[in-house]
Protein chains: 2
Amino acid sequence: MEAEIIAIGSELLTPYRSDTNSLFITAQLNEIGIDVVSKTIIGDERERLINAISLAWERSALVILIGGLGPTEDDLTRDCAAAALGRSLHIDQSIIGTIEARFRSRGLRMAEINLRQAMVIDGASVIENPRGTAPGLWIQTDGKVMMLLPGPPRELCAMFETQCIPRLREVAPRSAIRTRVLRMTGITESAADEIAAPIYTRYANPVTTILTALGEIQLHLKSFGRDEAEALAPLHELSAQLETALGKYIFSTTGESLEEVVGNLLREHGAALAVAESCTGGLLAQRITSVPGSSSYFWGGVVCYDNTAKTHCVGVPKELIESRGAVSSEVASALAEGIRRRAGTTFGIGITGIAGPGGGTAEKPVGLVYIALAEPHGAHVLERRFPGDREVIRSQAAQAGLDMLRRALIGSKSEPRP
Amino acid sequence: MEAEIIAIGSELLTPYRSDTNSLFITAQLNEIGIDVVSKTIIGDERERLINAISLAWERSALVILIGGLGPTEDDLTRDCAAAALGRSLHIDQSIIGTIEARFRSRGLRMAEINLRQAMVIDGASVIENPRGTAPGLWIQTDGKVMMLLPGPPRELCAMFETQCIPRLREVAPRSAIRTRVLRMTGITESAADEIAAPIYTRYANPVTTILTALGEIQLHLKSFGRDEAEALAPLHELSAQLETALGKYIFSTTGESLEEVVGNLLREHGAALAVAESCTGGLLAQRITSVPGSSSYFWGGVVCYDNTAKTHCVGVPKELIESRGAVSSEVASALAEGIRRRAGTTFGIGITGIAGPGGGTAEKPVGLVYIALAEPHGAHVLERRFPGDREVIRSQAAQAGLDMLRRALIGSKSEPRP
C-alpha cells in the first residue's frame, strides 16, 4: 500500500514554517509496512486543493490530508475533499454536542463559526479528536482510504496513533518496512559509491540511497517484507556485505553520531580526553559535550585562538610558533601533547588551521588544517586540505579529529583520504 | 508570477529528513515578489517524477526542481526533466573540464560516474556551481522558467542567490515583497506579543508573524507593494514603532546573529574577549568564532568540564569550588574574572550550570545556570533557571552570556527576565 500526504495551509508556503507532521506520520506508516511516495503542500486555495486531492486519490491507495479543518473561512479541506470525491456534506448533530460540551467545560460558549467543524462528508466516519474541536474524517471505498486530520501536532499525533493506525492495520495488506543507516566518514561520496554500488545494486530489496552531510556519507537501506522477520533478513544480508566492504569508514549503523560513538569507546576503554583547538574554535569540545554523561571521559579543552593562549594554557613553546608558524604540523602536535600532559588524560587532540575566508597564503591556503592525536605512546598528525567555506572547513576538521580518535580506539590508523 | 517547488530524493520521504531548501528559496522569491503556491516531494522514482514535473510545468510559470543531480544511479532529475519536456540530453565538454579541475585541486581523480553530471538538457543553459560538482540547469520558453538545482544547501543557496535571482528579476513582472525580521532575546514570546500585538494588529500590510527559535523571539514583517518604495514605506513605519516599544530586547533588524552583533560591538569599542565555560562545553566559543574575523577581538577560551581545568587553566581556587560548589554564583564570577586576567582582555565571560539530564539535585536542579561577565570595573552574575532539555539549556545559557555582553557594550544592564 502506498501513501500520499497533502499538508494544507498557506503558512506552510512561507519561509518560516515547514511541515513536520508528515515525519511523524511517515514513521508510523513505515512501522506497518506502508511507504510514503509523495508529499504535497498546498495553500488555502480552493481550486489547487481540489486538483491535488483528485490527483492523489486517482493514483494512490492511501491519501492523508492534514490541516485546514479549523472553524475559519480559510479552512477549506472538508469542502475541497467533498468536491474532489463528488460527494455532499451534512451536519452531524453528535459532533455539535461534543464541541459544545468542550466549550462549556472551559466556561465558554461555542461560537457560530464552529458549526463548520460539524460538517461531515457523506459516507465518511468520524475520527474523534480528544485534544481539540476539529474531528477527523475517514473515507473508505474499494480498498482505498482517504483521511482528513487536523494540523496541530498534538491533536494529530494522538488521533493518528490511537485511531488511524489500528484501522489501517485492518485495511493494509500485512507488511513491514525496516530501515538502517550506515554512517561513514573519511571517504568521499563517489569513492564510497564506487565500493558500495556493485553490492547494493544487486538488491531490489532493500532499496539503497546514498547521501552526504557535513563530513559524513550515509547509506540509507530500506527493506520491505510481509512481516518484520521477512523485512529484516535482506536488510541484515546487504548490510553485512556493505559493512565488510566499507569497514573502517563506517562509524555507526544504529543511528549514533560520531561524538556518541567516540564517547562510548572512551568509556569502554576507561580512557579520558582533552582537546586544544584553534580554527575549530570550540566546535570539537561542543560536539563532545553535547553527549549526556560526557563529563565522565572529557576533561575539557582550550580554545586557543590567540597565540598567547597556545603558550599560556597549553604550553606550546613560543619559539616553535615563531619558527614553524601557528598553522603547522609541529604546533598541532604540541597542542595535542601539551593538553594531554596538562590534563593528565589518556588522549589529547590538537587542531590548528585556516578556516578563512581571510588569513590564507599561497603556501598555507584557506582550508589547510593539521589535526594531531596524542596517545600514551606519542603523537601523530594528519594534514588535510578541506574545500568549502568557513563552516564546512571547521566541521570537517572537528569531524576528522573525532574520527582520528575513533580509529585509534578501534585499532585502525587514519590514512590519507582515498 | 507563481512558483512551484519540487524537492527530489527518497530520503525526503523518510521520517528522518525534511526539505529545508524550499524555505530559503521561498524567502528569496518573496523578495522579488514571487509567491510559492505549491511544494511537492517525490522519491527517486522515474515515473512519478516525470508526472510531477509535467503537471507543474503545465500549471505554473516557474518550476524549481531541487536535488537528484548527483553522480549516482538514483540521481534522476536531469533525465526525468528532459523526458517531461520531451527533449534530449547531450554531454557538455566544458562541464567535464570544470569537474576534473575540481577533483585535481584536491589531489583526486574524477570518477567515471561523475560524467553523468556533465549531461545537459537540449536548449538549457548552465547554472554554475562553484561549491560542488553538480551544475544547475536553466530552461526558459514562452515566459516560463524551469530550473534544476543541486540539493546540498550550501551549493544551492549560493547558486540561487547569485545566479537565479538576478535572472528571475528580468523575467518576472515587477512587484515587490519586502520583509524584515526583528530578532529579540531576554523576553518570552507572550511578553513580546503583549507589547507588539497592539501595534502590529493595526496594520493589514505588513503582515506580522511572531516566531520562536532557541533563546530567541522573532517578529517577521512582510510588506507588499507594486515596487520597492511602495513595499518599504509601511515596513519602515511599523518597524520603527516596534523598535521603540521593544527597544533593548531587539538585537538585530538586519539579519545579523547575536554573535555577529556582539563581534561588531567589540570591534567598535576596540575591546577583546575571553571565555571560561563549563556546562556550555565550547558552544559559546564556537558561536563567537563562527564569525569570520573574530580572531581580532576573541582571545580564546577554556572549556573547563573537569574541576581541575577550572583551577589549572583559569585559576579558580580549589577551596572556592569545594565550599560553594562548581555550580555557584561565586565560581561563575571567578571563571569570568580568572579568564579575563589570564588573557589580559577587556571582558571575560564565565558560565557554570547543570545541563542535564543527570546531575541535578533539589537545591541545584537541572537547568540552573550562572552566567558572569567580568568588566574592567568588576564582575556581575546572573542566575537563570532554563526549562527544556540539554540542548535547549546549553543554547539558552550561551545566548544569555552573549546578550549580557551586548547589554554591557550598549550600556543597558541585563535584568531579571520579564
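Along the principal axes, the C-alpha atoms of chain A fill a box of roughly 85 × 50 × 40 Å.

Before going on, note that this is a predicted model: local features need pLDDT of at least 70, side-chain atom pairs count only at pLDDT 80 or more, and totals for chains, interfaces and linings use all residues. Residues are numbered from 1 along each chain as its sequence is written, while chains are lettered from A and ligands numbered from 1 in the order in which they are written.

Now switch to a cartoon of chain A. It shows 13 helices and 17 strands. These are DSSP runs, numbered from the N terminus: helices are H or I with at least four residues, strands are E with at least two.

Colour chain A by burial. Buried residues make up 50% of its 418 residues. A residue is buried if 20 or more other C-beta atoms lie within 10 Å of its own, exposed if 12 or fewer, and partly exposed in between, with C-beta atoms placed from the backbone.

Next, select residues 216-225 of chain A. This is strand E11, and eight of its 10 residues are buried. Two strands pair if DSSP finds at least two bridges between them.

- Look for A:Val181 opposite A:His220.
- Zoom in on the turn: E10(A) and E11(A) form a hairpin with two residues between them, and A:Gly215 has a positive phi of about 70°.

Finally, bring in chain B. The contact takes 61 residues from chain A and 61 from chain B. Two residues are in contact if their C-beta atoms, placed from the backbone, lie within 7 Å. On the chain A side, strand E2 (residues 35-42) gives the most, with seven residues. That side divides into 27 nonpolar, 25 polar and nine charged residues. Ala, Val, Leu, Ile, Met, Phe, Trp, Tyr, Cys and Pro count as nonpolar, Asp, Glu, Lys and Arg as charged, and the others, Gly among them, as polar.

Which strand of chain B pairs with E2(A)? Select residues 35-42 of chain B: this is E2(B), joined to E2(A) by five antiparallel bridges. End on A:Ile41, whose bridge partner is B:Lys39.
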